[in-house]
Amino acid sequence: MREKISDKITLMLTEQGFTYCNWLFIDDDVRAVFETGIDENGLQGVAPETVELVINSHHHVDHMRGNGLFSNAQIMIHELETEIIKDEQKSRLCNSLDQWIELMPGLDTASANRELGLELSPACPSPFNSERTVLPLKDGQILDFGTVKAEVLHTPGHSAGHCCFWFPEEDFLFSSDICLTKAGPWYGEHLSDPAEMMRSIDRIIDLKPSRMVSSHIHEVIEDPIPCLLEFKQRIEKREERIYRYLVQSPSDIHALAEAKLIYRAHPTSFVVFWEKLMLLKHIERLEEQGRVKRSDGIYYGI
Ligand SMILES: [Zn+2]
Ligand SMILES: [Zn+2]
């Protein structure tokens with residue numbers, strides 16, 4: 001499904017959702033795409049060999065899985081993540097998969113990947129390519145495509161190098177994985193940080209965009225400020241739920257995950273893994289605040 005944002009900007013909405021994403025096609029003096037999480041509907045008429053620039057909002061596979069299709073394009077991503085998207089091993093580590101054995105004993109990641117739909121299609125060239133030049137993006141950088149201009153907003157929290165993109169002429173924000181879906185926000189990897197996520201949401205609220213779309217919602221939102229405020233509050237609400245639960249029921253990380261305080265349902269192993277990773281982020285903050293203590297692997301709310 002396509003939606004015109006302006007004469008030269010087309011939004012391609014994914015119909016399959018995660019593990020694919022929405023992407024933007026810029027048909028200007030410089031032809032560019034933002035994100036390549038292109039689903040089975042394919043390129044929808046965009047000839048990949050004519051695209052000169054691919055801009056990834058961050059390193060997650062659902063946003064860059066189609067990079068290999070754009071063989072003539074320069075790739076750009078925030079300077080903290082240029083090396084990660086060249087190397088599958090670095091990407092796995094960055095995604096906290098080194099914690100899988102401890103947090104998900106007895107389960108293997110290959111079957112979990114299949115269950116989630118993260119496996120890459122053999123028909124699509126691998127996005128991980130150590131030979132490919134990847135250019136760094138910086139906060140405040142203006143990407144000039146001719147008529148269309150976009151400002152890079154470094155908005156960490158989801159990942160260290162996560163960026164949103166602001167199109168001032170069009171009064172339009174592409175908010176990437178400040179996703180506004182029911183399941184978000186997500187801050188489960190080593191360099192994720194819920195406090196940074198809250199600051200990043202505040203930053204895009206301050207922009208007061210009239211129109212906004214993320215990588216994973218199915219419509220352009222007009223006047224998104226109330227949605228953004230509610231999205232940010234979920235982080236504080238999760239933390240209070242976790243604290244109250246640990247006061248009532250001291251638990252280890254596995255029992256705490258079973259209480260489903262972050263995700264209401266656990267349809268896949270990855271969701272359980274993410275629940276645990278994000279619980280640990282909150283527990284770290286609660287320990288710093290002196291509200292949770294750990295003894296023999298059990299967390300106590302005090
Ligand atoms: Zn992501
Ligand atoms: Zn995503």
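1. **Ground rules.** The model is predicted: local features need pLDDT of at least 70, side-chain atom pairs count only at pLDDT 80 or more, and totals for chains, interfaces and linings use all residues. Residues are numbered from 1 along each chain as its sequence is written, while chains are lettered from A and ligands numbered from 1 in the order in which they are written.

2. **The sheet.** Seven strands form an open sheet with mixed pairing, in the order β1-β2-β3-β4-β5-β6-β7. β1 (2-4) and β7 (134-137) are the edge strands, each with a single partner, so one side of each has no neighbour in the sheet. From one strand to the next, the twist averages 25°. Axes here are lines fitted to C-alpha atoms, for helices over the stretch in contact, and angles run from 0 to 180 degrees between N-to-C directions. Strands (E, at least two residues) and helices (H or I, at least four) are DSSP runs, numbered from the N terminus. Two strands pair if DSSP finds at least two bridges between them.

3. **β1 to β2.** β1 and β2 (residues 9-12) run antiparallel and are joined by three bridges. A hairpin of four residues links β1 to β2. Glu3 has Leu11 in β2 as its bridge partner.

4. β2 pairs with β3 (residues 23-27) over four bridges, in the antiparallel sense. Met12 has Trp23 as its bridge partner in β3, and Thr10 stands opposite Phe25 in β3. Phe25 in turn has Val33 in β4 as its bridge partner. β3 and β4 (residues 31-34) are also antiparallel, with four bridges. Three residues make the hairpin between β3 and β4. β3 is mostly covered, with four of its five residues buried. A residue is buried if 20 or more other C-beta atoms lie within 10 Å of its own, exposed if 12 or fewer, and partly exposed in between; C-beta atoms are placed from the backbone.

5. **β5 to β6.** β5 (residues 53-55) and β6 (residues 74-78) run parallel and share three bridges. Leu53 stands opposite Gln74 in β6.

6. **Leu11.** This residue lies in strand β2. Leu11 is partly exposed, because 19 other C-beta atoms lie within 10 Å. Leu11 touches Arg2, Glu3, Ile5, Asn22, Leu24, Val213 and Val220, leaving aside residues up to four places away in sequence. Contact means that two C-beta atoms, placed from the backbone, lie within 7 Å. Leu11 and Asn22 are 11 residues apart in sequence and 7.2 Å apart in space, C-alpha to C-alpha.

7. **Helix α6.** α6 (residues 225-248) has 24 residues. From first C-alpha to last, α6 reaches 35 Å, close to the 34 Å expected at 1.5 Å a residue. The expected span is 1.5 Å times one less than the number of residues. Its buried residues are Leu228, Phe231, Ile235, Ile242, Tyr243 and Leu246. They pack against α5 (194-207), α8 (269-288), β14 (292-295) and β15 (298-301).

8. **Two domains.** The domain assignment gives domain 1 (2-230) and domain 2 (236-301). Such bounds come from an automatic or database domain assignment. The domain centres, taken over C-alpha atoms, are 28 Å apart. Contacts link 15 residues of domain 1 with 14 residues of domain 2. On the side of domain 1 that touches domain 2, α3 (100-103) and α4 (109-116) each supply at least two residues. α4 gives the most, with three residues. That side divides into 10 nonpolar, four polar and one charged residue. Ala, Val, Leu, Ile, Met, Phe, Trp, Tyr, Cys and Pro count as nonpolar, Asp, Glu, Lys and Arg as charged, and the others, Gly among them, as polar.

9. **Backbone spots to check.** Most residues other than glycine have a negative phi, and most peptide bonds are trans. The peptide bond from Phe18 to Thr19 is cis, with omega near 20°; Thr19 is in the loop between β2 and β3. Gly184 and Pro185 are also joined by a cis bond, with omega about -5°. Pro185 lies in the loop between β11 (172-174) and α5. Glu35 has a positive phi, near 75°, and sits in the loop between β4 and β5. Glu35 counts as buried, because it has 27 C-beta neighbours inside 10 Å. Ser96 has a positive phi near 70°, in the loop between α2 (88-94) and α3. Ser96 is partly exposed, with 19 other C-beta atoms within 10 Å.
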